[in-house]
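Here are my notes for you to read with the model open beside them. Take the points in order and find each residue as you go.

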Amino acid sequence: MPWPADKPFRILAIDGGGIKGILPATILANLENNLPDNQGLARHFDMIAGTSTGGIIAVGLSLGVSAKTVLDLYLTKGDRIFPSAPWMFKKLGRKIGTAKQLFCRRYDPTVLDHELARIIGGRKFGEAKCRLVIPAFDQNTEPYIFKTAHHPDYKRDWKENALTVARATSAAPAFLEGLEHSGRRFWDGGVFANNPVMMAVVDTLACYEVPRRNIHVLSIGCATDKPALAKHHLTAGLWGWRNAHAVASSLQNHDATGQAGLLIGRHHLLRIDAELPYSIAMDDYASAKEKLPDVGEYLWNENREVLLSMATPLASDFEAVYNDR
């Protein structure tokens, strides 16, 4: 499809990370609060891609939910979405929870479902005010990328409830149960695309006649873990590689960022993330609430000017498509 030759294409990509979504939500709430209009962040980006918790943020922003509302949800309801044992039993409770994950999901998704319904309501995915790319996968272990109707070939997903898409992309295996929908089972897209930046870039190039150097990307992480490999990993078995998912996620993040930078020019991609001297689990509400708001405020202040320049002026002229064409 045609795209104006002199018009930038602005992308916002948000990683997955469970309750660590507090970090990107803090940065985006500050950005939103400093924009010179009341149009909402969705109107300042041509496309938003989000995985898992980033998918929840992306869907919310696209429907006019403020980043502060999503942040408040994480800060005030996170302990109910990811409940922990009383402090005196904290270590024991985490061990019991980990053992439970050997046989069934760790948390009841009822609270998350209720809170998402409260802020998203019954709106359709196609009511989004910007283009969306939201990864999940199904029972056939096939990637399923939910996309708004921003190309004539994209004819189905816009009819879905936005709540369905948000829950599908955030159904983290072993933590929350998969989503049963239309005869399919969906799980968290973070299993294969925790950083969705390449999905957004490739979709843009596939859909529009936009020069690669006209694509500008803001990519925000969730305090990505960078697990260290000890020497014993050379000969380790399953126990020694129990953090293999964290390793895979870290590698995918670096790979996606590197590939996107090669395609569009690294200076056209701003990656904001924190490599902390400690690890925060995706369900560790207490640590995330205590530490990540301050980290988010620091990253906002460090990148304030470039963030504001990327989000202004109004970018998206995308119109909602939620009726039969």
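1. Let's begin with a term. On a 1 Å grid over the protein atoms alone, a cavity is a set of points where a 1.4 Å probe fits but cannot get out, and its lining residues have an atom within 4 Å of a point. Grid points are joined across faces, edges and corners, and a volume is the space filled by probe spheres set on the points. How many cavities of 30 Å³ or more does the structure hold? It holds one. The largest cavity has a volume of about 130 Å³.

2. Some housekeeping before going on. You are looking at a predicted model, where local features need pLDDT of at least 70 and side-chain atom pairs count only at pLDDT 80 or more, while totals for chains, interfaces and linings use all residues. Residues are numbered from 1 along each chain as its sequence is written, and side-chain values use heavy atoms, with hydrogens and water left out.

3. Back to the largest cavity. Its lining has 14 residues, and G18, T53, I56, F82 and L112 are the ones nearest the centre. Two elements, α2 (53-62) and α3 (67-81), each give two or more residues to that lining. (Helices are DSSP runs of H or I with at least four residues, strands are runs of E with at least two, and both are numbered from the N terminus.) By type, the lining has nine nonpolar residues, four polar and one charged. Here Ala, Val, Leu, Ile, Met, Phe, Trp, Tyr, Cys and Pro count as nonpolar, Asp, Glu, Lys and Arg as charged, and the others, Gly among them, as polar.

4. Now zoom out. The protein has ten helices and eight strands. Of its 325 residues, 54% count as buried; that means under 20% relative accessible area, with exposed being over 50% and partly exposed in between (1.4 Å probe, protein chains only). Among contacts (heavy atoms within 4.5 Å) with a separation of 6 or more, 79% join residues 24 or more positions apart.

5. What about the nonpolar cores? Such a core is a set of buried Ala, Val, Leu, Ile, Met, Phe, Trp, Tyr and Cys residues joined through side-chain atoms within 4.5 Å. The largest one has 70 residues, of which L12, L28, L31, I48, Y74, F146 and L218 touch the most other members. Helix α10 (residues 285-311) supplies the largest share of this core, with ten residues. There is also a second, separate core of 21 residues, including M198, V210, A256 and I264.

6. Have a look at α3. This helix bends by about 45° at L75, where the bend is the angle between axes fitted to the seven residues ending there and the seven starting there. Its buried residues are A67, V70, L71, L73, Y74, L75, G78 and I81. Among the elements covering them are α1 (22-33), α2, α5 (110-120) and α10.

7. Which residues does Y74 contact, leaving aside neighbours within four places in sequence? They are I19, G21, I22, A25, T53, I56, I57 and Y285. A25 sits in helix α1 and counts as buried because its relative accessible area is 1%. Beyond four places in sequence, A25 touches I57, A67, L71 and Y74. A25 and V70 are 45 residues apart in sequence, yet 6.8 Å apart in space, C-alpha to C-alpha.

8. Is V197 buried or exposed? V197 is at 1% relative accessibility, so it counts as buried. Apart from neighbours within four places, V197 is in contact with A13, V217, S219, A256, T257, A260 and L269. Helix α6 (residues 162-169) is mostly covered too, with seven of its eight residues buried.

9. Most residues other than glycine have a negative phi. T141, not a glycine, has a positive phi of about 50°, and A223, also not a glycine, has one of about 55°. T141 lies in the loop between β3 (131-138) and β4 (143-147) and is exposed, with a relative accessible area of 64%. A223 lies in the loop between β7 (215-220) and α9 (244-264), and A223 is buried, at 4%.

Definitions and conventions:
1 Å grid on protein atoms, 1.4 Å probe; cavity = no way out; pocket = protein on both sides within 12 Å on 5 of 7 lines; lining within 4 Å.
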